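Please look through the sequence and the structure before reading on.

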Amino acid sequence: MIVVTGATGALNGATVDHLLQRVPASEVVVVARDVAAAQRFADRGIEVRHGDYADPASLPAAFAGADQLLLVSSSDPRADAVALHRHAVDAAVAVGAGRVLYTSHQGAAPGTPFGPGRDHAATEELLAASGLAWTSLRNGFYAHSLDQLAGPWRETGRIVVPADGPVSWTAREDAAEAAAVILTAAVPHEGPVTLTASSAPTFAQVAETASELTGRTVEVEVVDPEEWVAAQVAAGRPEFVARFALGMHRAAAEGFFAGVDPLLGNLLGREPRTVRDVLARPAAH
């Protein structure tokens, strides 16, 4: 049995959709904090169970019978993500899960300036110490984030950033499909695996692609980090959100998102989506 948490979100929800193309609904269980929000899965014959990382007592019953357990990482930048993940890992140990798969991130490391990267590294340490078989899906930085991180370049012709560095912008849709392939593979993937697009452009290179697509010049301006944060706040973004994003830019500049790996393309059997594909889509609003 494959048990999937976070399926009411975009990433693992898409993974469940891909799983249903590979295995019967009777072999999949979805765990949700809000069972009603997972009704679309129940309508397709999937068992839906209540489970909440913040309520450890709810997790053993939610994870019971898991041959494989796909744990989504906490997405709340203000939460103690490692503590929440520890609850989930402890419950997986308690029920004897066959394998835990965890949605991690490229560049997971204790020393990264990007907060979630430190949380992912700590969670991988929990998994390594758990005694369970485990796989960490180190997904590349999700490409849909470009809409927010690059700002209103379509209107201004400028991408203003506090630092620049290579990022293997990776389509969340591709990462979700790859997770389903890994979950149904005959041979398991052990430990951390890196799932990225095939290139890692800087924002300067993103601007070049944007210029080619639009036929007008799009430029990058690297500004003082504190000035950038102040401008973000003045534009209405909460300061903690701006500083969260600043950590991402600093990590990029230090090379934490620079690596690329052919595994994603091999799993998909095709070239992963590119930055050009992302920029060619209409901006999300």
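**Helices and sheet in brief**

Helix α1 and helix α8 cross in a right-handed manner (the near helix is turned clockwise from the far one by less than a right angle). The model is predicted, so local features need pLDDT of at least 70 and side-chain atom pairs count only at pLDDT 80 or more, while totals for chains, interfaces and linings use all residues. Residues are numbered from 1 along each chain as its sequence is written, and side-chain values use heavy atoms, with hydrogens and water left out.

**α1 and α8**

- Helix α1 (residues 10-19) packs with helix α8 (residues 172-183) at an angle of about 50 degrees, their axes being 8 Å apart; axes are lines fitted to C-alpha atoms, for helices over the stretch in contact, and angles run from 0 to 180 degrees between N-to-C directions.
- α1 is therefore oblique to α8 (angles under 35 degrees count as roughly parallel, over 145 as roughly antiparallel, 65 to 115 as roughly perpendicular and the rest as oblique).
- Residues in the contact (heavy atoms within 4.5 Å) include Leu11, Ala14 and His18 of α1 and Arg172, Ala176 and Leu183 of α8.
- Helices (H or I, at least four residues) and strands (E, at least two) are DSSP runs, numbered from the N terminus.

**The sheet**

- Seen across the open sheet, the 7 strands follow the order β3-β2-β1-β4-β5-β6-β8, with parallel pairing; two strands pair if DSSP finds at least two bridges between them.
- β3 (47-50) and β8 (191-195) are the edge strands, each with a single partner strand, so one side of each has no neighbour in the sheet.
- On average, neighbouring strands are turned by 20 degrees against each other, direction ignored.
- Strand β5 (residues 99-105) pairs with strand β6 (residues 133-139) in the parallel sense over 7 bridges, and His105 stands opposite Asn139 in β6.

**Helices on the sheet**

- α1 packs on the sheet and touches β1 (2-5), β2 (28-32), β4 (68-71), β5 and β6, its direction making about 155 degrees with that of β1.
- Helix α5 (residues 115-129) also packs there, touching β5, β6 and β8, and its direction makes about 165 degrees with that of β5.

**α4 and α5**

- Helix α4 (residues 81-95) packs with α5 at an angle of about 25 degrees, with their axes 9 Å apart.
- The two helices, α4 and α5, are therefore roughly parallel to each other.
- The crossing of α4 with α5 is right-handed.
- Among the residues in contact are Val82 and Val89 of α4 and Ala122 and Leu126 of α5.
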